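Please read it alongside the sequence and coordinates shown here.

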Amino acid sequence: MTQGVATAPLPQPAKPGRSYDLPQSGWMKARERLAWLLVAPSILVVVLVALYPLLQSFRLSFTNARFGSTRPELYVGFDNYARLAQDNVFISALGHTLVFTVASVAIETILGIAVALIINSNFNGRGVVRTSMLIPWAIPTVVSSQLWRFMYNQDNGVINDVLVNRLGILSSPVAWIANPSTSLSAIIAVDVWKTTPFMALLLLAGLQIIPGDVYEAATVDGASKWQQFWQITLPLLKPALLVALIFRTLDAFRVFDVVFVMKGAALDTITLAIYARQTMIDEQYLGRGAAASVVIFFCIALLVIVYSRLVRVEET
Amino acid sequence: MATTTAVRPVMPDTAMISGTRQWSLGKVINRILFWILVVFIIFYTVFPFAWALLSSIKPNAELFTSPVVYWPSAINTTFYQFVLANGDFLLALRNSIVVSVSTVLISLALGSLCAYAMGRLQFRGKTPVMYLILSMTMFPQIAILGSLYQMIVNLGLYDRLPALIIAYLTFTLPFTVWVLANFFRAMPGELEEAAMVDGATPFQAFIRILLPLAAPGLVTTGLLAFIAAWNEYLYALTFTQTRARTVQPAIASFSGNTQFELPWGNILAASVLVTLPLVILVLIFQRKILAGLTAGAVKG
């Protein structure tokens with residue numbers, strides 16, 4: 001008791017995860033027991049509805065399982081994966097997913113940094129900008145995909161109207177979504193609209209912890225704004241940037257909603273997630289579809305490992 | 001003003017004030033460009049939803065003209081009347097509310113217990129548990145779609161609301177645990193000691209002292225979980241058909257075969273109805289949401 005009271009007035013904030021180790025062993029034991037009791041329900045749910053299905057997906061990807069089939073389930077080794085490698089639709093889905101991921105994440109990062117820098121300066125109405133930036137994020141993807149389909153409409157959509165009738169940039173309206181040469185870019189533009197503000201808000205949080213006097217010192221030393229950006233802002237923003245990049249890349253790689261609502265499983269924009277769902281649910285080839293979803297899983301796992309290495313290098 | 005520059009002290013705030021007071025031509029142009037950019041950002045982020053709102057109250061004829069009619073000549077509420085009288089849409093709305101609220105309540109109930117243990121208690125096996133939960137926040141939904149579908153069909157839950165609640169826990173629960181654990185960890189270390197001095201058991205210390213203090217964190221994570229569940233599409237599309245259909249697949253399935261068949265007025269009215277509550281929630285809780293998102297992302 002006395003120890004507890006004696007340490008209490010110390011002004012230092014408790015270090016995370018430490019410093020509650022009290023000498024009273026009864027309390028310690030009670031706490032250890034309590035900890036497992038508290039953790040158990042969540043672990044049970046996670047194991048039953050996430051981990052078990054995940055392992056089951058791995059297993060199914062090595063079988064010829066089909067939904068609603070009475071045929072016995074057989075292990076077929078890597079057959080499903082070999083078939084995927086020969087399937088042109090799968091290859092093009094992989095291509096679209098890579099293009100979508102690289103393009104959307106790159107554009108969102110560059111625009112996100114620019115927007116974050118703009119709203120990081122002190123001005124009246126900054127709150128209004130920040131609020132307006134949360135709106136695209138809050139709108140359900142299904143809804144925003146429908147809104148953009150409406151705006152992209154060839155005959156009476158507002159985008160063609162502005163480009164053809166008001167500004168005269170295009171001579172005739174474009175079927176942005178239906179035309180295979182513009183469809184993927186049009187979809188990427190929707191994702192950029194939805195996610196850039198969110199990216200900017202994450203980066204803004206990173207910008208705000210950079211102390212202002214660093215810039216003052218640089219100004220005194222005669223560094224230009226441009227030099228300050230490359231020498232100070234970017235290096236100090238790197239941790240926040242890496243984390244934002246991880247989350248964005250993972251999200252982009254499993255893209256489903258925006259593409260499926262705008263184009264269904266059309267071959268000019270099909271992504272890996274759409275391919276996997278199509279194969280498993282609509283065509284009922286559970287085994288082969290599971291193999292496709294395992295491929296997505298491993299690509300994402302690889303990305304997580306690469307990125308977390310980068311973060312760790314950054315921290316040391 | 002010229003003297004201000006000469007003796008400018010190396011202090012951030014004063015420097016900023018003296019900087020904004022110098023009105024050279026370059027500064028003015030910079031300022032104008034800056035405001036153009038700010039107005040453009042607001043316009044870009046808000047326009048699609050504002051356009052949907054505006055179009056949803058246009059008379060039907062003005063919705064399908066070229067060149068486009070920008071300002072409606074009269075307010076037309078027939079699209080909203082149609083949608084709100086549509087039994088399928090109302091059922092979907094009810095289903096979405098039941099599923100989202102249940103998901104949030106279960107996540108918070110189970111998640112806050114787990115988060116307290118992860119954030120405040122030392123126990124063997126804590127690190128593996130943490131890795132399990134962290135990895136669950138990262139894996140793609142599609143990776144378990146097939147086996148979860150099989151499980152749901154075998155349990156007789158296909159096209160029933162519990163199927164969606166179970167499926168949504170796979171992403172709301174790990175997220176809740178992760179954010180709340182950070183929240184509990186940040187609380188001062190003396191809280192339990194004080195409770196212990198008063199003779200409380202560890203569980204009483206949690207229920208009576210830490211949980212009430214965590215209320216703001218519970219609100220934020222609950223809100224984020226609600227938005228995630230409300231906006232979910234892939235599982236809702238796959239695990240439901242009619243009875244348990246939620247609003248997202250309902251809105252997506254308004255699609256016709258060709259662009260000419262689409263009932264755009266109804267789609268937009270339904271979209272606005274489904275989104276407006278979220279936009280209002282976000283506007284009210286924007287500070288909390290931003291804090292929660294950055295905690296989840298930056299510390300995750």
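Chain B has 16 helices and zero strands, where helices (H or I, at least four residues) and strands (E, at least two) are DSSP runs numbered from the N terminus. The model is predicted: local features need pLDDT of at least 70, side-chain atom pairs count only at pLDDT 80 or more, and totals for chains, interfaces and linings use all residues. Residues are numbered from 1 along each chain as its sequence is written, while chains are lettered from A and ligands numbered from 1 in the order in which they are written.

Of the 300 residues of chain B, 41% count as buried; a residue is buried if 20 or more other C-beta atoms, placed from the backbone, lie within 10 Å of its own, exposed if 12 or fewer, and partly exposed in between. Leu93(B), found in helix α6 (residues 87-120) of chain B, counts as partly exposed because it has 19 C-beta neighbours inside 10 Å. Among contacts in chain B between residues at least 6 apart in sequence, 74% join residues at least 24 apart. Two residues are in contact if their C-beta atoms, placed from the backbone, lie within 7 Å.

Chain B is divided into domain 1 (2-56) and domain 2 (81-299), with bounds from an automatic or database domain assignment. Five residues of domain 1 of chain B touch six residues of domain 2 of chain B.

Helix α3 (residues 25-56) of chain B packs against helix α15 (residues 264-284) of chain B at an angle of about 125 degrees, their axes 9 Å apart. Axes are lines fitted to C-alpha atoms, for helices over the stretch in contact, and angles run from 0 to 180 degrees between N-to-C directions. The helices α3(B) and α15(B) are therefore oblique to each other: angles under 35 degrees count as roughly parallel, over 145 as roughly antiparallel, 65 to 115 as roughly perpendicular and the rest as oblique. Residues making this contact include Phe49(B) and Leu53(B) of α3(B), and Leu268(B) and Val272(B) of α15(B).

Between the chains, 90 residues of chain A are in contact with 89 residues of chain B. Helix α2 (residues 25-60) of chain A gives the most to the chain A side, with 21 residues.

The table gives residue classes; Ala, Val, Leu, Ile, Met, Phe, Trp, Tyr, Cys and Pro count as nonpolar, Asp, Glu, Lys and Arg as charged, and the others, Gly among them, as polar.

| Contact | Residues by class |
|---|---|
| Side of chain A that touches chain B | 61 nonpolar, 19 polar and ten charged residues |
| Side of domain 1 of chain B that touches domain 2 of chain B | three nonpolar, two polar and no charged residues |
| Contact of α3(B) with α15(B) | six nonpolar, five polar and no charged residues |
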